[in-house]
Amino acid sequence: MRILIVEDEAALRDGLVKLFREEGYAVDAAANGVDGLQKAKDFEYDAIVLDYMMPGMDGREVLRRLRSVKRTPVMMLTARNSVEDRVVGLDLGADDYLAKPFVQQELLARLRALVRRNHSVGGATFTIGNIIIDTVARRVTKAGQPEALTGREYALLEYLAYRRGAVVTRSELYEHLFDENEDTLSNLLEVHVCNLRRKLGTDLIRTRRGMGYEIPVAS
Amino acid sequence: MVFHSIRWRILAWNFGLLAATATVLLVAFYQIERQNRLQTVDLQLREMMSKHMGAVNDLIPGSSGPRSPLLTASGRPRTPDVAGQRQAKAEAALNALEKERIWVFVADMAGPVQFRTLAAPIEPDLVERCREEVMDEAEAPTKGRQPVNQIVSYLGQRMLVHRPPGQMIVVFGTDTQALEAELHLLGWKLALGGVVLVFLGGGIGWVLAGRSLRPIDRIAADAEGIAAGDYGRKIDVEDTESELGRLAVVLNDTFGKMNEARDRVTQFTADASHELRTPLTVILSDSQSALRQERTPEEYRQALETIKHAAVRMKTISDGLLELAHGDLAQPVEKAPCDLADLADESVALLARLSREKGATLEAKLESATVLADPARLGRVILNLVMNAILHNPAGVRVVVTTARVDGQAELTVADDGRGIPAEALEHIFERFRRIDPEGSRHAEGAGLGLAIVKQAVEAHGGTIAVTSEVGRGTTFRVRLPEAKP
């Protein structure tokens with residue numbers, strides 16, 4: 001999962017980047033509305049955390065312009081917590097609304113909920129054969145036994161699980177698993193797929209050569 | 001410290017074992033000899049007693065013969081007033097006993113000595129001792145009990161104490177002081193012999209240990225020389241079949257290999273620092289000249305551009321060095337089954353844009369071939385080979401990547417129809433810091449480590465890599481890896 005954080009306050013921005021990286025997300029950050037809008041247009045994010053109050057182009061404006069081209073899930077952060085602000089924000093196309101100060105756990109949980117809604121998935125766990133993926137704890141068990149996955153392996157598996165039944169192209173995976181500073185040449189997807197097959201079984205992920213990867217619905 | 005040397009230890013053990021063995025043997029010998037000698041004495045005493053008891057009995061006061069004074073003035077017992085036959089018999093018996101140096105005395109269990117021959121030592125505690133020896137059982141006052149015989153050694157006397165039924169004891173004894181002295185002397189001789197034996201054996205051991213350890217000293221001296229920096233030095237081997245000779249051969253082999261490794265590391269370090277120094281020099285000189293005076297933004301931009309370029313080159317070099325160092329450590333990774341074709345497919349797809357930018361045509365003919373591998377390393381092998389083919393050839397080059405199963409092996413080939421590599425450069429192509437691009441070539445920023453890394457990774461997977469090339473017609477790299485069951 002890859003998210004964009006648009007926040008003008010450096011301390012909060014860096015804290016959020018660190019928090020989401022530790023949670024295994026690929027994270028890009030923007031310090032102002034113009035930059036944020038550009039990135040939001042250029043890349044396919046799974047979610048955007050957008051600050052309401054920013055000098056120059058504010059969150060409301062970013063959202064208004066973004067919604068004219070894209071429906072990426074947006075979580076608004078604001079210090080202004082009046083009913084009127086919330087209503088305006090939601091009506092402009094924000095998918096959720098969180099008032100500062102907030103508890104990190106709530107932000108993470110709400111973001112997971114946004115991603116689930118975006119993929120039309122109900123619960124926070126996936127069951128594929130005897131493999132269970134817990135997206136809250138970010139843990140995978142096979143036949144009840146926990147399997148240690150690297151952050152990248154987990155992210156790949158989770159994304160394919162969200163898109164189960166569809167062939168996910170390599171470029172879509174690069175886009176959602178790596179942040180803007182990473183070099184895909186040192187991160188071949190096939191490497192992580194091989195390692196996932198070794199750990200979880202060869203049938204789990206299917207390679208469609210020249211097209212992409214798929215976790216089949218039947219498996 | 002010298003006492004911790006092997007020679008001293010061998011000596012100590014040799015000494016200890018010899019001394020223990022000699023002590024046990026000599027003590028045993030002494031004891032057996034002593035027992036033998038005393039048994040002979042005992043046997044004689046018993047024999048004499050059984051032979052002359054009758055006669056002695058006659059001399060006991062209160063026996064069947066009439067009472068008589070104990071001794072004459074000459075020390076001979078006054079012949080009791082008995083029949084001449086008896087007297088003669090007693091005389092004969094006493095003479096015979098004297099000749100055998102055996103003395104006799106007769107005493108009451110509680111009372112005084114009643115009869116003694118002249119030689120009999122009748123110190124009170126000797127007599128008391130004889131009584132004690134036969135007392136325990138004698139105290140049972142039952143009549144008709146068995147007579148008791150007991151051997152007693154006391155005050156240099158060996159005695160056979162006889163107690164017939166009744167309150168008397170008859171003691172036959174002989175002086176064993178001479179015998180004891182003789183045994184004492186024997187003991188001293190044996191001890192002296194033992195000491196001489198132990199020292200002689202120890203000395204021989206010392207010499208032998210010294211002789212057999214001398215080659216070790218020589219090996220140590222040679223090894224010290226090597227440790228002191230004389231890396232080319234070899235250990236002198238006299239006899240390659242002996243245990244120490246084999247050790248020397250093994251050590252020579254080990255030192256030789258370490259020496260080679262050291263040379264390689266020295267060379268590698270020199271190469272690496274030289275390679276890193278070039279871009280560093282660029283960074284230093286460009287930044288200094290940019291700072292010397294006020295420049296136009298365009299000039300600053302150019303300086304920064306050059307510096308960035310040099311920094312990228314340094315990063316490439318240090319990344320490569322790091323990877324090679326990891327490979328040298330040969331850390332075991334968990335190998336996963338990977339399809340060479342899928343890895344090649346993704347690599348080709350990732351390099352499609354680069355090849356378009358460089359005006360190259362990139363093609364793939366892929367057939368599944370499963371190998372057991374560390375996918376990350378294998379992926380870098382493919383990327384490296386394909387990238388090399390694109391970057392080291394002029395625009396318009398055609399690069400073909402194929403994967404297939406050949407002779408039960410998985411094969412990957414990367415072929416180009418580019419400029420080719422001269423034979424003399426081809427020989428060294430997998431060595432570290434070998435760049436075959438002509439001076440001023442557009443890809444001169446490569447670190448010259450890529451193919452060394454590739455070869456190391458392929459060999460770590462139990463595979464082989466070969467290269468064929470013809471100048472003007474192109475180059476083909478062929479990697480073969482053991483095939484795994486898909």
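## Exercises: helices and a sheet in a predicted model

In this predicted model, α9(B) lies across β9, β10 and β12 of chain B, running at about 20° to β10(B).

**Exercise 1.** Work out which strands form the sheet of chain B, and which are its edge strands.

*Solution.* 
- Step 1. The order is β7-β9-β10-β12-β11 (chain B). These five strands make an open sheet with mixed pairing.
- Step 2. Look for strands that pair on one side only. These are β7 (361-366) and β11 (464-470) of chain B, the edge strands.

**Exercise 2.** Determine in which sense β11(B) and β12(B) pair.

*Solution.* 
- Step 1. Strand β12 covers residues 474-482 of chain B.
- Step 2. The pairing with β11(B) is antiparallel, over seven bridges.
- Step 3. For one facing pair, take B:I465, which stands opposite B:V479 in β12(B).

**Exercise 3.** Describe how α8(A) packs against α9(B).

*Solution.* 
- Step 1. Take the axes of helix α8 (residues 189-200) of chain A and helix α9 (residues 375-391) of chain B. They come within 9 Å and cross at roughly 150°.
- Step 2. Angles over 145 degrees count as roughly antiparallel, so α8(A) is roughly antiparallel to α9(B).
- Step 3. The crossing is right-handed.
- Step 4. A:E190, A:V191, A:C194 and A:N195 in α8(A) meet B:P375, B:A376 and B:G379 in α9(B). By class, the contact has four nonpolar, two polar and one charged residues.

Technical notes. Residues numbered from 1 in each chain as written. Chains lettered and ligands numbered in written order. Predicted model: local features only at pLDDT ≥ 70, side-chain atom pairs only at ≥ 80, totals over all residues. Axes fitted to C-alpha atoms, helices over the stretch in contact; angles between N-to-C directions. Helix = DSSP H or I, 4+ residues; strand = E, 2+ residues; numbered from the N terminus. Parallel < 35°, antiparallel > 145°, perpendicular 65-115°, else oblique. Left-handed = near helix turned anticlockwise from the far one by under 90°. Contact = placed C-beta atoms within 7 Å. Nonpolar A, V, L, I, M, F, W, Y, C, P; charged D, E, K, R; others polar. Pairing = 2+ DSSP bridges.
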